[in-house]
Structures are given as C-alpha cells and as structure tokens.
Amino acid sequence: MNKMTIKDVDLKDKCVLMRVDFNVPLDENCNINDDLRIVSALPTIKYCIDKGVKKLVLMSHLGRPKGQVVEKMRLCPVAKRLSELTNMPVAMLDDCIGETVEKAVKDSPEKIILLENLRFYAQETKNDLDFAKKLASLGDIFINDAFGTAHRAHASTEGVTHYLPSVAGLLLEKEMAFLGKVVENPEKPLVTILGGAKVSDKIKMIENMMGKVDCFLIGGGMAYTFLKAQGKEIGNSKLEADKIDLAKRILDKAASKNIEMVLPVDNCAADKFDAAANIQDVGVEIPEGWMGLDIGRKTIDLFKDKLKNAKTIVWNGPVGVFEMQPFSKGTQALAEYIAALDAISVIGGGDTASAVRHFNVADKMSHVSTGGGASLELLEGLELPGIAALKDK
Ligand code: AMP
C-alpha cells in the first residue's frame, strides 16, 4: 500500500482520533452476539497504547439509526467489552461532538475514550465538513482502521482527513496487503470461487478480475443464471432473467481468453426454500418444481480438483444456502479443503467470512476480510475513498 501507516508516524504524547468498525451484532437486550469486530481492532489499539499516546479517542457507527438517537444503538455494550478485552478502563461519552465532548476528552483520566454512535448525526453519512471538523478537533492525528466502512466517503472516514494528518491502522494495512496483492499482482494460478445469491452483485468483480484469474468456480444461487444461459433447465432455482444475456457474454469472453469458468455439474435440490424441505441429488439440470440450493458431490470434487494447484484462492460468496444444515455440505467441504491447502487464501467478508467461521476454519485461512462491501469494491478495481484520502508515502 502506498499510504502512510501508524508505523510511519510518532504517536508519543499525541491525542489520537481513530475510526474503528465497532458495528457489532446486538441481541434484543443489547448483548453483543459476536465481538470479532472489536477483537480485530485490538492490535492497533494496543500499538497506540504501547507507543505512549496521550489519549486514544475511538469513534464508530453501530446499526442504522438514520441521524437520530436510538437508545438500542448506543455504544455502551461495546465500551464494556472493549474494557474487558484491553484490561483498561474505557470512558464512554454520550455524544460524539460538542463542547462537553471536547472537555471530557481533555479532562478524562482514562486513556481510551469511546465516542457515541456517529450515525446519531445525519451529517456523518453526508460527509458534512463542519461535522468532520468538530470530530477532527478531538485529536492531533487521525488513524483509519475501519476497513468495513472504507468504501464510504463519510465524515469520519474521508471528511476528517481534510483537517488532520491521516494514516492507516494495522487492520487496514493488513486488508490492503492481501486484497491489494490479489488485485495487482497475485501469485498464479489464481482460482476464484464465486457464490452467493445474485449474479448482479458480482458482475463488476468478474469483469475486473477476468484478466487476472486463471479459473472461476461458480456456485450458489448465481450459478443458475449461468446454467440457464447455457440452455439448461433450472426449475425454480434462483434466476436473474435480465442477466441471462450478460451471463452468456461473460461465458463467451472467458472462453475466448482461455479462462476456465466452471459451473456445477450436479446439485442438491429441494422442493422449497426450507431446511425441512424434501431433498434430492440431481444432475446438472433441476427438475420442474425443484430448486438448487447447494452444489452436488461431483461438483465438490471437481472444484477441489481445480483448487489443488492454486497459488492464490479468492472466495466471495457461499456455494449453497450454508445457513441451513441440509444445504451446507458444499460450502463446508470447500472451506475445509482450502483450509488444508498451502495456497494464499483470501476470504471476502460478509457471508463468506461467516461461513468459514461457522465451519471453524477461519484461523487456517491466510486472510478473512472484515469488510464485505469494501473487499468487493477493491476486487471490482475501485478506489476506496477512506483509503484514498490517507497520506501518501
Ligand atoms: P451474497 O450476499 O450475494 O454473497 O449471498 C449470500 C447468500 O446467498 C447466503 O445467505 C446464501 O444462503 C445464499 N445462497 C447461496 N446459494 C444459494 C442458492 N443456491 N439459492 C439461493 N440462495 C443461495
């Protein structure tokens, strides 16, 4: 990455303003269901403390309060968990801008301070520069470590960089190291697994990666639009009818460039979208009244065969409805197989990250991204505004 990071600056006695992604899932009673996002920010937080910062002012959004104070979206549960994880007291403020906040940051005996949910202000997502300036007044330097929101130009990701020297945190640096390498200079052969619900979400990525990928393995709901484009019967499987022509063009383009596009050769089909549905193993075509909800056994073996010699593997989108046990076999088999390979394995965020965690192999992957949208945009070849705004090296 050609951007400055916290390793390039002197943090001693500085008041550091840091954007983190603490948008954790909460249950009905505001208990944190999964603290991975807090845990992912710990290396940068620890680094700052070890370097002797004067204050570490953390800011994040949580949920979608749409510019209003929503009691259930306060960050208090995050402050509590962060304090447990760092073994340090954390001062939780009840606002993120204004005189009271400025005074609290200055006078707080605690080193770590957490501001209240940024999205209680509509100005945050509008990238309002007055709002950004008020946030910036809380620090001497800005660190962005929120990869999950780096694809958004918001006041706390882009706006603040107009007022403070701005550098990347360790998580952002790691994300860019893995995803940047995949896009710019991957170790070949590069095999990309694409799945998930919709073709339309992945088109730009396929087009951008076409020149770099040696082999695409296509599963999940999106595979059926491609199979339909090949004239196959797909029953009631997921179909984006308006994307059939595009799917045909993608298949033709890949063939003309000698890029493999491997589609399912068999499927696990169900008579309804339900874990308790009737199930049957079928070939490449899906009978009328049935829907393909997972790749079949032969396809699993075929995909494994294509993966075995890969030097780099990028995976974006589960190859079946892995959330329902009867349709989880394909995703589980691939997750476990990739985990045992030596290849560099980069797992896109969102559902694919949840899947590898669900099957307990996340720690065996080279990198599991913390940003679904942000990682997809990088693979689409887009520049992320939250990263573009940081200081060049
Ligand atoms: P995406 O957000 O596009 O990556 O889609 C992820 C979702 O796609 C997951 O919730 C899966 O359950 C779903 N999915 C995977 N395979 C299929 C399929 N064959 N039919 C319908 N949905 C699927």
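This is a predicted model: local features need pLDDT of at least 70, side-chain atom pairs count only at pLDDT 80 or more; totals for chains, interfaces and linings use all residues.
View 1. Residues are numbered from 1 along each chain as its sequence is written, and side-chain values use heavy atoms, with hydrogens and water left out.

View 2. A polar backbone atom of Gly292 is 3.0 Å from a nitrogen atom of the ligand. On the oxygen side, an N or O atom in the side chain of Asp351 is 3.2 Å from a ligand oxygen. Taken alone, the ligand exposes 500 Å², and the protein buries 82% of that; these areas come from the Shrake-Rupley method with a 1.4 Å probe, and for residues only the protein chains shown count as cover.

**View 3. The largest pocket.** A pocket is an open set of points on a 1 Å grid over the protein atoms alone, with protein on both sides within 12 Å along at least five of seven lines; a cavity is a set of points where a 1.4 Å probe fits but cannot get out, and lining residues have an atom within 4 Å of a point. Volumes are the space filled by probe spheres set on the points, which are joined across faces, edges and corners. The largest pocket holds about 570 Å³ of space. Its lining has 30 residues, and Gly196, Ala197, Lys198, Pro318 and Asp351 are the closest to the centre. Strand E12 (291–295), helix H12 (350–358) and helix H13 (372–379) each give at least two lining residues, with the largest share, 4 residues, coming from E12. Helices (H or I, at least four residues) and strands (E, at least two) are DSSP runs, numbered from the N terminus. Sorted by class, the lining has 9 nonpolar, 14 polar and 7 charged residues. Nonpolar means Ala, Val, Leu, Ile, Met, Phe, Trp, Tyr, Cys and Pro; charged means Asp, Glu, Lys and Arg; the others, Gly among them, are polar.

**View 4. The second largest pocket.** This one has about 440 Å³ of space. Of its 21 lining residues, Asn23, His61, Arg64, Arg119 and Arg152 are the closest to the centre. Helix H4 (122–125) and H13 are the elements that give two or more residues to this lining. Domain 1 (6–170) and domain 2 (178–379) each supply at least three lining residues, with the domain bounds taken from an automatic or database domain assignment.

View 5. Most residues other than glycine have a negative phi, and most peptide bonds are trans. Lys188 and Pro189, however, are joined by a cis peptide bond, with omega about 0°. Pro189 is in the loop between helix H6 (170–184) and strand E7 (190–194). Asp13, in the segment before strand E1 (15–19), has a positive phi near 60°. Lys66 has a positive phi of about 55° and lies in the loop between strand E2 (55–59) and helix H2 (76–86).

Note on methods. A polar contact is a pair of N or O atoms within 3.5 Å; within protein, one must be able to donate a hydrogen and the other to accept it, and residues adjacent in sequence count only if both atoms are side-chain atoms.
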